[in-house]
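Colleague: I have just opened this one and have never looked at it before. Could you walk me through it?

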Amino acid sequence: AAPELRSATGRPVRAAATTRAQQGAFLTTATGTRLRDTDHSLKAGRRGPVLLQDHHLREKITHFDHERIPERVVHARGVGAHGVFVSNGAAAKLSRAAFLQADVETPVFVRFSTVLGSRGSADTPRDTRGFAVKFYTSEGVFDLVGNNIPVFFIQDAIKFPDIIHAGKPEPDREIPQAASAHDTFWDFVSLHTEAQHHTIWNMSDRALPASLRTMEGFGVHTFHLVDEAGDTVLVKFHWKPAAGVHSQLWEEAQLTAGGDPDFQRRDLYDAIQNGALPSWTFGVQVFPDTEDETFEGIDLLDPTKIVPEELAPVQPIGTLTLTANPTNYFAETEQVAFHPGHLVPGIDVTNDPLLQGRLFSYLDTQLTRLGGPNFDQIPINRPHADVSDMLRDGFHQHAVHTGVAPYKPNSLDGGCPFHAGVADGAFLEVPSPVEGEKVREHPASFDDHFSQPRMFFRSLSPIEQEHVIAAYTFELSKVTWPQVRERQLAHLALIDERLCAEVAAGLGLPAPTPDPDVEVQDLAPSPALAQIVPGAT
Ligand code: HEM
């Protein structure tokens with residue numbers, strides 16, 4: 001058996017049990033036959049043609065030919081780390097989840113990513129960052145598949161292919177948007193005004209994290225927590241970095257991308273390797289689970305809205321520490337499969353229409369990306385809980401299932417404690433009442449697209465506002481279609497007139513007046529949104 005690997009802090013590295021050291025004295029075929037020569041093909045004569053019968057040649061080249069799997073359709077560029085989550089027990093009164101009870105230690109695997117770049121792209125573009133955490137709890141896997149920006153571009157998953165097509169490289173030239181024209185991205189976000197909030201975060205320093213260790217993370221959607229009695233609250237999940245929130249300057253990010261495109265994955269690897277273990281506080285904003293699912297007038301099902309921390313403070317419920325680098329990038333970071341539907345008893349989804357679409361998309365894409373239906377058996381995806389799923393066969397089946405009755409309940413394979421009713425420790429959906437007509441519409445409470453972007457801009461410190469103005473000016477200067485630039489400037493006028501005027505001046509265009517038909521609220525600024533507190537040194 002392979003020796004158990006341990007991290008710098010002595011914590012076992014999960015994948016070790018299945019590592020293949022391949023350090024034997026001999027080279028062998030995949031089926032274990034020792035080989036004498038791996039440098040010369042078998043030929044008919046020294047100067048003759050290569051023989052088809054050379055199994056070693058064919059096996060070696062065939063396997064190499066199939067080394068690549070499709071990269072993720074989004075979030076292709078990523079870096080992962082093992083770690084541990086320790087609950088402080090503060091959520092135990094809200095959720096029956098075993099891993100949230102006091103002092104429970106849960107192994108985790110975390111993958112950080114950019115969204116739009118391909119697997120070989122640079123680490124520091126202006127982009128949202130993925131912040132995906134797999135908790136291997138005693139009750140099954142819980143995945144929190146979040147981002148470093150607390151809102152999303154769209155309110156309905158049906159638009160996800162559209163926003164991603166608009167942001168990915170142009171189809172004719174395959175030139176990434178960030179380096180050339182920005183027409184399709186700005187066309188999309190100016191036509192779909194719900195995208196204005198995420199976009200202004202992308203124009204801020206938040207889209208240029210100094211290090212993956214200095215990013216906040218957000219679950220974005222609202223989730224249910226369910227206690228022992230079945231009582232529920234609504235929550236939003238937050239990760240707060242112990243090292244504080246820090247960003248690069250735009251010029252710095254550009255230079256980094258040129259000089260060291262692997263800067264952030266190197267920084268994360270080195271920090272863990274040297275024992276400077278990155279850490280985050282896990283927290284929740286808690287809201288009563290009311291019938292209208294709103295809090296202080298904010299629709300909690302709308303993923304383009306935040307709830308300011310001044311209205312609902314983030315309550316710490318535990319600490320995440322990254323303790324070990326992966327042993328093998330492909331086996332772990334590339335093959336890990338996150339899914340917002342990986343839930344455990346005590347946590348459930350809500351009807352946020354973006355989240356509902358995600359519940360379909362991840363499994364669907366992983367069926368292709370990871371080659372069939374058995375990727376849950378890949379070591380990095382295996383739960384640390386017993387599995388009795390009655391799923392059988394299929395490509396890459398590694399289990400040798402025993403028994404004669406691959407269904408439950410059955411009366412043939414011994415005792416079967418499964419009932420249609422409540423089994424001990426079972427996941428139960430929150431029994432929310434549902435009724436309504438079938439419609440392709442969203443509620444009116446999803447309609448305000450400008451008040452929170454205004455609140456965000458006005459919450460920033462002056463230097464952060466300057467960065468936002470410079471980012472809009474630079475990005476919109478790359479747009480070649482006048483109608484797209486003008487439409488976006490009209491939206492900036494609704495967000496903040498000074499923002500609009502300065503960007504328009506930078507573009508050499510007249511600043512439009514705000515559309516009087518669009519009502520925008522002057523919400524109180526949220527100091528928690530500023531990275532640099534005005535006046536602080
Ligand atoms: C991948 C976050 C919305 C489809 C990811 C990843 C993250 C993420 C962090 C990378 C996971 C990893 O490291 O492997 C989010 C957040 C969203 C969002 C926070 C909104 C709040 C959506 C929507 C869809 C979607 C609406 C589709 C309807 C995908 C797909 C992948 C992905 C297909 C690739 C998964 C894979 O290949 O394993 N997302 N996403 N996402 N996301 Fe999302």
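Predicted model: local features only at pLDDT ≥ 70, side-chain atom pairs only at ≥ 80, totals over all residues.

Colleague: OK, and where does R369 lie, and what does R369 touch?

Modeller: R369 lies in helix α8, and, not counting residues up to four places away in sequence, R369 touches I69, P70 and R72. Touching here is a contact between two residues whose C-beta atoms, placed from the backbone, lie within 7 Å. Helices (H or I, at least four residues) and strands (E, at least two) are DSSP runs, numbered from the N terminus.

Colleague: Which residues does the UniProt "binding site" annotation cover?

Modeller: According to the unreviewed UniProt entry, the "binding site" annotation covers R72, R111, F160, R358, Y362 and R369. The positions are given in the numbering used here, feature names are shortened, and annotations may be inferred rather than shown by experiment.

Colleague: What about Y362, then: where is its place?

Modeller: Y362 has its place in helix α8, and Y362 is partly exposed because 18 other C-beta atoms lie within 10 Å. Leaving out residues up to four places away in sequence, Y362 touches F338, H339 and P340.

Colleague: Now the ligand. How many residues surround the ligand, and which are the closest?

Modeller: The ligand is surrounded by 28 residues, and the closest are R72, H75, R111, G130 and S361. A residue is near a molecule if its C-beta atom, placed from the backbone, lies within 6 Å of it.

Colleague: Which helix or strand supplies the largest share of that shell?

Modeller: The largest share, eight residues, comes from α8. At least two residues of the shell are supplied by each of β2 (105-114), β3 (129-137), β4 (140-147) and α8 (353-369).

Colleague: And what is the shell around the ligand like by class?

Modeller: The shell has 14 nonpolar, ten polar and four charged residues. In this scheme Ala, Val, Leu, Ile, Met, Phe, Trp, Tyr, Cys and Pro count as nonpolar, Asp, Glu, Lys and Arg as charged, and the others, Gly among them, as polar.

Colleague: Switching topic: which residues have the most contacts inside the largest nonpolar core?

Modeller: That core has 101 residues, and those with the most contacts inside it are V108, V110, F135, V468, Y472, L492 and V503. Helix α11 (residues 482-495) gives the most to this core, with six residues. A nonpolar core is a set of buried Ala, Val, Leu, Ile, Met, Phe, Trp, Tyr and Cys residues joined through C-beta atoms within 7 Å. Looking at one of its residues, Y472 touches M203, L492 and V503, not counting residues up to four places away in sequence.

Colleague: Why might one expect nonpolar side chains to be buried together?

Modeller: In soluble globular proteins, that is simply how nonpolar side chains tend to be arranged, buried together.

Colleague: At what angle do α2 and α3 pack?

Modeller: Helix α2 (residues 160-167) and helix α3 (residues 183-191) pack at about 145°, and their axes are 7 Å apart. Axes are lines fitted to C-alpha atoms, for helices over the stretch in contact, and angles run from 0 to 180 degrees between N-to-C directions. In this contact D162, I163, A166 and G167 in α2 meet T184, F185, D187 and F188 in α3, and these residues divide into four nonpolar, two polar and two charged.

Colleague: Last one: is H224 buried or exposed?

Modeller: H224 is buried, because 20 other C-beta atoms lie within 10 Å, and H224 lies in strand β6 (residues 223-226).

How values were computed: Residues numbered from 1 in each chain as written. Buried ≥ 20, exposed ≤ 12 C-beta atoms within 10 Å, placed from the backbone.
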